[in-house]
Amino acid sequence: MSSALLDEATRIAREFDYPADQVQRGVDEYIKQSNEGLAKENTTLSQIPTFVTAVPNGTEKGLYLAVDLGGTNFRVCSVQLHGDTTFSLTQSKIMIPRELMASGTSKDLFLFLARQIEAFLRIHHNEHFEAHLRRRRDGNQMEDLFDLGFTFSFPVRQFGINSGTLIRWTKGFNIPDAVGHDVCALLQSAIDELHLPVRVAALVNDTVGTLMARSYTSPGETGTLVGAIFGTGTNGAYVEKLDKVTKLKDMKDAKYDTSTGEMIINAEWGSFDNHMSVLPDTIYDQQLDADSNNPGVQMFEKRVSGMFLGEILRRALLAMHNNPDLGLFKASKTSSVSLPSDSLFYRQWGLDTSLLSQVEADTSKDFVEVKAALKDHLKIENPSDAECEAVKIVVHAIGKRAARLSAVPMAAILIHTGKLETESMVDIGVDGSLVEFYPKFEEYIREALREVPQVGVAGDKKVRIGISKDGSGVGAALIALVASKDE
Ligand code: ADP
């Protein structure tokens, strides 16, 4: 094997080391920034009050609707909560026509959404629908409405559990007349125009949905504390004491239930430490950020989530490729790889994070999985064993750093809420391809948690981490349920 290549891979890997003392500094800083976020607006950690003031315990019952607008598809589903931690879900997915995403009016878009809800009800809940229409015709005011949870994955300023104004569109949507308007009211008026038996009961953030879904499906004595997503992006929500959310005092118009003394906070932790006081920073992180379309923001997310890890890896491998002494993937005495000039290896964002999972999962002596991944993703054929080993070393370092960084907000929330001291078990629900598929992601998180003295081995033993699927389906339904009980 070419020892120069392996030496360099090892040197680069070391740049991604994120040792215990740095984890600790990260945790301390996270606690500081989270307290700032609870006190005022426009801080690095937004700490958004969600007005969801209770978490489920698995006994909730009823039939609820949930819709999810956040990308290319609009999802409509109904969720039957059986009251024994289980549920049945029926759903349909509709692609949103391009012209409605970017050139129509908000009325066009929301009427389109309402029509999809109507079609869904006619197919799956026609009896209920017809009964509602009959009652309307007979002038009977007795309403039997479906409560609906609306997952809307764009930045909103929330004023209550079912109201929030759109700050700006992202992800290819651009309908200017919706900006500054209450998206729940827009959906409700389109629903009312079609006379549908539906009340928009809650505006839902996907991390809150993840927390709620987890709390319903695997209840403990006190419910789930944190919902966290490690997918395209990363974010988390957690249960906070109401009296710690001091900025609520400034939100005079906000209406919410105070009886539980708690509220779920959407941390928006992707933007933790945007000013880079404690986050680790390699040359590859710096290049990625400088060439991104939003330099200087989402700095935590850029080191942790699926959208970015592949690009960090690509840049590290490219450095070895361009180094004339190493010539990784460059036909020479030491490499028989001949990369075409249009290879994705040369293209920004050309390397998907799933390659890291595939490489990390390889336990073979002859790099079977690494070779398959390089071929599938980058059309790299016949890499040498040294090249495969070099890729493995760097992948491992990037993935492990991401997992150890993920432990930072988790440890900070565990410490800040004091739950490890008062509870015998603390539950965390997680979702997203990275945490689901990257080998040992949870194990590396736990390793880092144990290294934080205020968590330690004893604290880590109390932490239960579990996958929570379908926050925008069952999670949104549960938030609609909580909201309808508030009325
Ligand atoms: P989303 O967060 O968009 O709802 P996912 O949780 O599936 O959806 O996350 C998608 C992200 O995960 C993408 O950035 C993709 O590159 C990455 N990804 C997909 N498959 C894997 C995998 N097997 N291992 C690690 N990351 C993956």
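The model you see is a predicted one.

Strand S6 (residues 156–160) and strand S7 (residues 163–166) run antiparallel and are joined by four bridges. Gly160 has Ser163 in S7 as its bridge partner. A hairpin of two residues leads from S6 to S7.

**The two domains**

Now step back to the whole chain. The protein is divided into domain 1 (1–50 + 220–469) and domain 2 (52–204). Their C-alpha centres are 32 Å apart. Where the domains touch, domain 1 contributes 15 residues and domain 2 contributes nine residues. On the side of domain 1 that touches domain 2, strand S1 (48–49) and strand S11 (262–266) are the elements that give two or more residues. S11 gives the most to that side, with three residues. By class, the residues on this side of domain 1 are seven nonpolar, four polar and four charged.

**The six-stranded sheet**

S1 and S11 turn up again in an open sheet of six strands, whose order is S1-S11-S10-S9-S12-S13 and whose pairing is mixed. Which strands stand at its edges? They are S1 and strand S13 (463–467); each has a single partner strand, so one side of each has no neighbour in the sheet.

Further in, strand S9 (residues 224–230) and strand S12 (residues 426–431) run parallel and are joined by five bridges. Within this part of the sheet, Ile229 stands opposite Asp431 in S12. Helix H13 (residues 385–417) packs on the sheet and touches S9, strand S10 (234–241) and S12. The direction of H13 makes about 165 degrees with that of S9.

**The five-stranded sheet**

Another open sheet has five strands in the order S4-S3-S2-S5-S8, again with mixed pairing. Its edge strands are strand S4 (87–95) and strand S8 (198–204), each of which pairs on one side only. On average, and with direction ignored, neighbouring strands of this sheet are turned by 20 degrees against each other.

Strand S2 (residues 61–69) pairs with strand S5 (residues 146–152) in the parallel sense, over five bridges. Here Asp68 has Thr151 in S5 as its bridge partner. Two helices to look for on this sheet are H4 and H6. Helix H4 (residues 106–124) touches S2, strand S3 (73–82), S4 and S8, and its direction makes about 40 degrees with that of S3. Helix H6 (residues 183–193) touches S5 and S8, with a direction at about 160 degrees to that of S8.

**Helices against helices**

Two packed helices are described by the angle between their axes and the distance between the axes. The table lists such pairs.

| Helix pair | Angle | Axes |
|---|---|---|
| H13 and H16 | roughly 55 degrees | come within 8 Å |
| H8 and H10 | about 120 degrees | 9 Å apart |
| H10 and H13 | about 145 degrees | 10 Å apart |

Helix H16 covers residues 441–451. At their angle, H13 and H16 are oblique to each other, and H13 passes H16 in a right-handed crossing. H13 brings Lys400, Ala403, Arg404, Ser406, Ala407, Met410 and Ala411 to this contact, while H16 brings Phe441, Tyr444, Ile445, Ala448 and Leu449. By class, that is nine nonpolar, one polar and two charged residues.

Helix H8 (residues 283–290) packs with helix H10 (residues 306–322), and H8 passes H10 in a right-handed crossing. What meets what here? Tyr284, Asp285, Gln287 and Leu288 of H8 meet Phe308, Glu311, Ile312, Arg315 and Ala316 of H10. This contact has five nonpolar, one polar and three charged residues.

H10 also packs with H13, and their crossing is right-handed. From H10 come Leu309, Ile312, Leu313, Ala316, Leu317 and Met320, which meet Ala390, Val391, Val394, Val395, Ile398, Gly399 and Ala402 in H13. How many nonpolar, polar and charged residues does the contact of H10 with H13 have? It has 12 nonpolar, one polar and no charged residues.

Notes: Residues numbered from 1 in each chain as written. Predicted model: local features only at pLDDT ≥ 70, side-chain atom pairs only at ≥ 80, totals over all residues. Domains from an automatic or database assignment. Contact = placed C-beta atoms within 7 Å. Nonpolar A, V, L, I, M, F, W, Y, C, P; charged D, E, K, R; others polar. Pairing = 2+ DSSP bridges. Axes fitted to C-alpha atoms, helices over the stretch in contact; angles between N-to-C directions. Parallel < 35°, antiparallel > 145°, perpendicular 65-115°, else oblique. Left-handed = near helix turned anticlockwise from the far one by under 90°.
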